[in-house]
Amino acid sequence: MRQRTKITLLAAAAAVAIVAGGATVATAAERQEPVQPIQPAKVSNPAKVELGKKLFFDTRLSRSGGISCNSCHNLSTGGSDNLAASIGDRWQKGGINSPTVLNSSLNIAQFWDGRAKDLREQAGGPIANPAEMASTHEVAVATLQTIPGYVSEFKQVYGKNKITIDQVTDALAAFEETLVTPNARFDKWLLGDDKAINAQELRGYELFKSAGCVACHSGAAFGGNSFQKMGLVEPYKTVHTAQGRMDVTKTDQDRFMFKVPTLRNVELTYPYFHDGAANTLGEAVELMGRLQLGRTFTTQENADIVAFLKTLTGDQPDFKLPLLPPSGDKTPRLDPFAQAK
Ligand code: HEC
Ligand code: HEC
C-alpha cells in the first residue's frame, strides 16, 4: 500500500512538472494522454544554428584536436556514443554514461544531476572538462579567432569583432534546440492515426501507464522533467560512485536522485542508466519494473513494453554535414600526443 501511495504522489509531482515545464497543451485532435507529441523545432535565427552546427562537429574546440561534441553525442547513433562511459581526452574513461543530446532542450536542467540550468550553461562544460575535450575557454576562443571563416561568421551572427565563449555556447545551444525528433510512430498515434502502432505496441503503452512508468517518464520527452530516485522500491546496486542530485545539493535525501532520462529514441541510445549497466531495453525495463515499482513483468509484458518503447524513435536530425572553415596560418596545429600542461 505504501508503495502505491508513493507512486500516486509521484504522478502528481510529474503532472506539476509538466505544467511547470510549459509543455504543449493537447489540441482537440490529440488523444488525451499524460504524454505529448514532440513539436518540430522553430528556427528563428538560421545563421546562428548553422554556426552552432559547425562548432558541434569541430574537433578544434578540444585540446587534442581529436574530439568534438559529436564524438560522444554522435548524431548518427541517436545523439549518444553507445558506450557505457565515454572516451575523453587521452583515452580517459568518462565519469558517466553520455545522455543523448536529442530533445535535450526539453529537459528541466542538464546533466544526470542537473548541475547546469540550461543548454547554454551546459555547453561550456565539456570544452573545459579535463576528462572530455580538455581545453580551456580562453584557448578554444583564441583558436576560433585564428580561423578566418569563423571570425566572419561570428561577426555576421553576433555583430561583434571579438568571439567570446558566451557566443560559442549560445550558438551550440541554438543548434541543439533544433535536435528534436518529431514524427515518431507513437506521436502519429497520439495525433489520431490508429494504424501508426500495432496491437502489441499499444498493449505495451497501456502497461507503461497502468504499471506507473508514466509517473516519472512523462511529458513530451517521456522524462527529463523531474529528478527521481533510482531504486525507489528496491535499492540499485552499482559500483559507480555518482550520487546524483546529492553531488549538487549536498543533501542526503538527494542521494541517487537522477534526472529521469528521456525515453525518446531510447532504442538507439543503449547502454542504459547513468552507469551504462543495462545493455538491452529488456534488461532496463526489467530493472525499472522491479526497482521503481516493485513489479516483476512476465516475458510477454516485458516484450510489450519494449515494443512500445521502440515506437518512440522519431525523425533523426537530417542535414548536410557542415563544411568547417579551414584553419588559418596562425591556428595552432593541435597535437593529440602532446604532454599535458
Ligand atoms: C568525451 C565525451 C563528451 C564530449 C566530447 C561532450 N560530451 Fe556532452 N556529455 C557527456 C557526458 C558523459 C555527459 C553526462 C555528464 C553528467 O551528467 O555528469 C554529457 C552531457 C551533455 C548534455 C546534457 C544532456 C542531458 O540530458 O543532461 C548535453 C546537452 C551535452 N552533453 C552537450 C555537449 C556539447 C554541446 C558538447 C560539445 C561542446 C559535448 N556535450 C561534448 C560526454 C561528452
Ligand atoms: C520513480 C520514477 C521512475 C519510474 C516509476 C520509472 N522510471 Fe525509468 N528511470 C527513472 C530514473 C531516475 C532513471 C535513470 C536511472 C539511472 O540512470 O540511474 C530511469 C531510467 C530508465 C531507462 C533507461 C534510459 C536511459 O537512457 O538510460 C528506461 C528504459 C526506463 N527508465 C524505463 C522505464 C519503464 C519501462 C518504467 C516502468 C516499468 C520506468 N522506467 C519506471 C525513473 C523512473
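Which helices each supply at least two residues of the shell around ligand 1? They are α3 (69-72), α4 (119-128) and α7 (165-176). Helices here are DSSP runs of H or I with at least four residues, strands are runs of E with at least two, and both are numbered from the N terminus. The model is predicted: local features need pLDDT of at least 70, side-chain atom pairs count only at pLDDT 80 or more, and totals for chains, interfaces and linings use all residues. Residues are numbered from 1 along each chain as its sequence is written, while chains are lettered from A and ligands numbered from 1 in the order in which they are written.

The shell around ligand 1 holds 27 residues, with Cys69, Cys72, Ser86, Phe111 and Pro126 the closest; a residue is near a molecule if its C-beta atom, placed from the backbone, lies within 6 Å of it. α4 gives the largest share, five residues. By class there are 14 nonpolar, ten polar and three charged residues. Nonpolar means Ala, Val, Leu, Ile, Met, Phe, Trp, Tyr, Cys and Pro, charged means Asp, Glu, Lys and Arg, and the others, Gly among them, count as polar.

Ligand 2 is also surrounded by 27 residues, and Cys213, Cys216, Tyr272, Phe273 and Met288 are the closest. Two or more residues of this shell come from each of α9 and α11, and α11 has the largest share, six. The shell around ligand 2 has 20 nonpolar and seven polar residues, but no charged ones.

α11 has 13 residues and spans 17 Å from its first C-alpha to its last, close to the 18 Å expected at 1.5 Å a residue, the expected span being 1.5 Å times one less than the number of residues. Its buried residues are Leu281, Ala284, Val285, Met288, Gly289, Gln292 and Leu293; buried means that 20 or more other C-beta atoms lie within 10 Å of a residue's own, all placed from the backbone. Seen down the axis of α11, they fall within an arc of 135° and so line one face of the helix, the arc being that of the directions from the axis to the C-beta atoms. After α11 comes Gly294, with a positive phi near 65°.

Val285 also belongs to the largest nonpolar core, of 37 residues, where it, Ile305, Leu309 and Leu312 have the most contacts. Such a core is a set of buried Ala, Val, Leu, Ile, Met, Phe, Trp, Tyr and Cys residues joined through C-beta atoms within 7 Å.

Note on methods: A residue is buried if 20 or more other C-beta atoms lie within 10 Å of its own, exposed if 12 or fewer, and partly exposed in between; C-beta atoms are placed from the backbone.
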